[in-house]
Amino acid sequence: MTMTEIEVRAYAVAKCKEYPELTEEIYGMYDLFIMEVEDGSSIEHEAELFYTDVDAMIAELENRYKTNTTASR
């Protein structure tokens, strides 16, 4: 496993702990990262896609939470 692969795994684990409601989706994206790398894609490119997708999913979740909190006031 390369350093980038280790970093991606550590990021996935950390975000799953921080956002347990997204665990299934994050690990699904991590599995996709691994499959793409095994199929010959650039590790750095796939890592960038993984980080972008996870961060977007978290932002969407936080926006939904903010919207629901604001709406219930």
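This is a predicted model: local features need pLDDT of at least 70, side-chain atom pairs count only at pLDDT 80 or more; totals for chains, interfaces and linings use all residues.

Residues are numbered from 1 along each chain as its sequence is written, and side-chain values use heavy atoms, with hydrogens and water left out.

Let me begin with the pair H1 and H2. Helices here are DSSP runs of H or I with at least four residues, numbered from the N terminus. Two packed helices are described by the angle between their axes and the distance between the axes. The axes of H1, residues 3-18, and H2, residues 23-38, come within 9 Å and cross at roughly 170°. Each axis is a line fitted to C-alpha atoms over the stretch in contact, and angles run from 0 to 180 degrees between N-to-C directions. H1 and H2 are therefore roughly antiparallel to each other, a term that applies to angles over 145 degrees.

Which residues in H1 and H2 meet? From H1 come Glu 5, Val 8, Arg 9, Ala 12, Val 13, Lys 15 and Cys 16, and they meet Thr 23, Ile 26, Tyr 27, Tyr 30, Phe 33 and Val 37 in H2. Contact means heavy atoms within 4.5 Å. The residues of this contact divide into 9 nonpolar, 1 polar and 3 charged. Nonpolar covers Ala, Val, Leu, Ile, Met, Phe, Trp, Tyr, Cys and Pro; charged covers Asp, Glu, Lys and Arg; the others, Gly among them, are polar.

I turn to burial, where buried means under 20% relative accessible area, exposed over 50%, and partly exposed in between, with a 1.4 Å probe and protein chains only. In H1, Thr 4, Glu 5, Val 8, Ala 12, Lys 15 and Cys 16 are buried. Seen down the axis of H1, these residues fall within an arc of 110°, so they line one face of the helix. The arc is taken from the directions between the helix axis and the C-beta atoms. Met 3 and Lys 17, on the other side of H1, are exposed.

In H2, the buried residues are Ile 26, Tyr 30, Phe 33, Ile 34 and Val 37. Their arc down the axis of H2 is 95°, so they too line one face of the helix. Glu 24 and Glu 38 are exposed on the other side of H2. Just after H2, Gly 40 takes a positive phi of about 105°.

Finally, two single residues. Thr 23 lies in helix H2 and, at 24% relative accessibility, counts as partly exposed. Ile 58 belongs to helix H3, residues 43-71, and is buried, with a relative accessible area of 6%. Not counting residues up to four places away in sequence, Ile 58 touches Lys 15, Tyr 19 and Leu 22.

Definitions and conventions
Helices (H or I, at least four residues) and strands (E, at least two) are DSSP runs, numbered from the N terminus. Angles under 35 degrees count as roughly parallel, over 145 as roughly antiparallel, 65 to 115 as roughly perpendicular and the rest as oblique.
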